[in-house]
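Trainee: Could we go through this structure together? I'd like to see how the calls get made.

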Amino acid sequence: MALVPAKCTQCGANINIDNELEAAVCEHCGTPFIVEKAINNYNTTITNNNDFSGANINVVSADIDNLLELAEMAIDAKNGDEALEYSNRALEINPKSYKAWLIKMKTVEYSSTVGNTKNNEIIKYGNKAIENSNNNEDVKKEVYKYYINRATNLLMIGINSLKDTAKVKQLLAISPSGVAKGDTATRILYLNLGNEALKLKREIPKEYIKQDSELQERIVILAKLYSSMCEADVERISIYGLKLNPAALETREKVLLGFKEYLPEEKADEIKNEAVKKNNEGCYVATAVYGSYDCPQVWTLRRYRDNQLAQTWYGRAFIRTYYAISPTIVKWFGETNWFKSMWRGKLDRMVNNLNSNGVDNTPYNDKEW
């Protein structure tokens, strides 16, 4: 058995190992390692060209390939902190390692939050990977694919979070006052994920979008997810009778146009603008009285509004007048018991009469008119 000096590929401790073995375990950290890699980790022989009597110089350095392998394993195990540590160690050895920059880019999401997506860091490291690969096409594709995947995940978080309205409904039932105002901060937080997704998409050069059909399909999906997120938001605010202002709707259209940018016409046509134009044309008084925009009584009234009132000019005039006045009335009096009591009997009789005349009271999606 011949013991030779080596350096643990995990903790970096100096150790002596049997060079006839294929693998061993570090006595310091208990991590198994490949013997050959540990020996190479300890000794990198540099021939001296300056005539120091032909001396050899031993330089202690880490095994960058091993560090990258460990970093990739950590990413696969969704251990972002460990992957970041290994990628940083690899970059200390070789700051121009595009593989290390790629891995570091992928670690960022594990320390990000809804309020701080750290997209700027992701983009910075992605650009570093491309730059240090000498603009290798495969590296570019990997970076851009990651941007799309990350954008998709952000939009899915936004959709699922906005659709989770259980807490809003509970608060509305317990204490209606202030629900809309309190929920606004939450909505803004999740809706901003749409802007963050667009930021990542816009990092992809237009020539790649124009020539890559698979990338185009993924961007179409992104745009449709953004539309779904906007619809989820409208459904959410309908619970407490809030309506989006024109500026908010205009902003949503601009974001959607950002996703469409550089897509071929036939792909852009797959993305419909109607979803981001939707607003809560809420039955404000009925919503205040019955406590929800989605309940049998309000479904009945919404059907009556769309299928009968909205079919005549004077009906549409009444609806517009109602929507101009009722939000203010509900804001002032909608939470008072006398207001609800005054309207409850009238609305109950109207709903019963409409149901008797064939107007359905099942779940309903508003029409545009």
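Mentor: Let's take it as a few questions and answers. This is a predicted model, where local features need pLDDT of at least 70, side-chain atom pairs count only at pLDDT 80 or more, and totals for chains, interfaces and linings use all residues. Residues are numbered from 1 along each chain as its sequence is written, and side-chain values use heavy atoms, with hydrogens and water left out.

Trainee: How many disulfides are there?

Mentor: A disulfide here is a pair of cysteine sulfur atoms within 2.5 Å. By this rule the count is 0.

Trainee: Is C26 buried or exposed?

Mentor: Buried means under 20% relative accessible area and exposed means over 50%, with partly exposed in between (1.4 Å probe, protein chains only). C26 has 3%, so the call for C26 is buried.

Trainee: Which residues does L347 touch, leaving out those up to four places away in sequence?

Mentor: L347 belongs to helix α17, residues 337-356; helices are DSSP runs of H or I, at least four residues, numbered from the N terminus. L347 is buried because its relative accessible area is 9%. Contact means heavy atoms within 4.5 Å, and the partners of L347 are V285, A286, V289, Y290 and L301.

Trainee: How many residues of α4 are buried?

Mentor: Helix α4 covers residues 98-107 and is mostly covered. Its buried residues include W101 and M105, and what covers them includes α2, α3, α5 and α6.

Technical notes
Helices (H or I, at least four residues) and strands (E, at least two) are DSSP runs, numbered from the N terminus.
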